[in-house]
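User: I am new to looking at protein models and would like to learn how to read one carefully. Could you go through a few features with me?

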Amino acid sequence: MVQREDLDAVITATPWKCHTPVCLAAMKAGKYAATEVPAALSLEECWALVKTSEETGVPCMMLENWSFRRDNLAVLNMIRKGLLGQIVHCHCAHSHNCMHWYFDAKGYPRWSGQHLLKRNADQYPTHGMGPVLSWMNLNCGDRIDYVCAVATQSLGIKDQLVRKYGKDHPPAKLDYAQGDIITSIARTVKGKTLVVNMDMQLPRPYDNRWMIQGTRGLYNEQRNAVYLEGISPGREKWEPFPPYQKKYDHALWREPIEGGHGGTDYIELREFVKAVRNKTQTPIDVYDSVTMTVVLSLSQQSITQGSAPVKCPDFTGGKWETTGPKFALDM
Ligand SMILES: NC(=O)c1ccc[n+]([C@@H]2O[C@H](COP(=O)([O-])OP(=O)(O)OC[C@H]3O[C@@H](n4cnc5c(N)ncnc54)[C@H](O)[C@@H]3O)[C@@H](O)[C@H]2O)c1
């Protein structure tokens, strides 16, 4: 694909180990690169993406669809209008029983399940982090300073395999490195905190548990509610979020949208293609792509070191201090 002259961009939606190599090849051939999540599997791969994008001048975008969710963009609009005050703390998660995706129909690990055998980390931080980057101005006014992480024991994989296939099923006898729930805590240089949970191998309904809190109020996705001091009726009582979503609806959603994941897949690809056609920066740039991704490597390192704080590199090389908000600016 990178040798063809009639292609302007390459998108990789393959198993994780191909993401960075495909993006590097695309950028080196002068073609826009886009990758499914996560963008990389190691710190070295994160740096390779950044350096190659900088050296070639070619953008690279991780396709994080939850950055484009209608509710999340309305919350971004509210934050930018100051309704929550100054942002202090945030919570996000990817809580989704993915046993059907880690294992094939006969209960043997697919390529994705192989990762559960090898590492104990938040292997899928980007869906939770998607909206958080712009909510917290990460890479545009602030950046992650360090991450500490803890892992629970690993019970869910074996329990589900044994119940479905019996205790003598060979994959039920394997040792899985991956803890059931990973909790990573990030602190930013400016002093905000962020909790990121990975919870993908216990039986449960889907959840992202987004919560963002500032000096004047907060948004809670699970409650579908906000509390805004001086605006919400009642003394420190929740009020429903849907009227706010309507009022602060983002311009990206002001026409009927259809497509996978509630229309977010369509919007992210449309915006990527627009950038390719106009030869402009992609809506999620290489710095944001690796920042959402790097929690994978940092959490693994912290867990290995007994939850010690692990410094997050400044992938922007200092540009975070002078760069203003950049995502979804056309409100
Ligand atoms: N954004 C989302 O909501 C979302 C949802 C599901 C999956 N994903 C991501 O999408 C990616 C793919 O996941 P999936 O569930 O579709 O996996 P899958 O195993 O169903 O599909 C992977 C595809 O890659 C192809 N492939 C494998 N090796 C290849 C190679 N060397 N060259 C070319 N093609 C190759 C396979 O033939 C297959 O078609 C993963 O990164 C996953 O994390 C994202």
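User: Which residue in β7 is the bridge partner of Ile-181?

Analyst: In this predicted model, the bridge partner of Ile-181 is Asp-199, which belongs to β7. That strand pairs with β6 (residues 181-188) in the antiparallel sense, over 7 bridges. The hairpin of β6 and β7 has 4 residues between the strands, and in it Gly-191 takes a positive phi near 105 degrees.

User: In which sense do strand β4 and β7 pair, parallel or antiparallel?

Analyst: Strand β4 (residues 87-95) and β7 pair in the parallel sense, over 7 bridges, and His-91 stands opposite Val-195 of β7. As a general idea, the side chains of a regular strand alternate between the two faces of the sheet. As for burial, 5 of the 7 residues of β7 (residues 193-199) are buried, so this strand is largely enclosed by the rest of the structure.

User: How should I read a helix, and which residues of α5 are buried?

Analyst: A careful way is to ask where the buried residues lie around the axis. In α5 (residues 111-118) they are Gly-113, His-115 and Leu-116. Seen down the helix axis, the buried residues of α5 fall within an arc of 145 degrees, so they line one face. The face turned away from that buried side carries the exposed residues Trp-111 and Lys-118, while the cover over the buried residues of α5 includes α4 (99-102) and α8 (156-165).

User: What surrounds the ligand?

Analyst: The residues around the ligand include Trp-16, Cys-18, Glu-36 and His-261, and by class this shell has 5 nonpolar, 3 polar and 1 charged residues.

Technical notes:
Residues are numbered from 1 along each chain as its sequence is written. This is a predicted model: local features need pLDDT of at least 70, side-chain atom pairs count only at pLDDT 80 or more; totals for chains, interfaces and linings use all residues. A residue is near a molecule or strand if its C-beta atom, placed from the backbone, lies within 6 Å of it. Ala, Val, Leu, Ile, Met, Phe, Trp, Tyr, Cys and Pro count as nonpolar, Asp, Glu, Lys and Arg as charged, and the others, Gly among them, as polar. A residue is buried if 20 or more other C-beta atoms lie within 10 Å of its own, exposed if 12 or fewer, and partly exposed in between; C-beta atoms are placed from the backbone. Helices (H or I, at least four residues) and strands (E, at least two) are DSSP runs, numbered from the N terminus. The arc is that of the directions from the helix axis to the C-beta atoms. Two residues are in contact if their C-beta atoms, placed from the backbone, lie within 7 Å. Two strands pair if DSSP finds at least two bridges between them.
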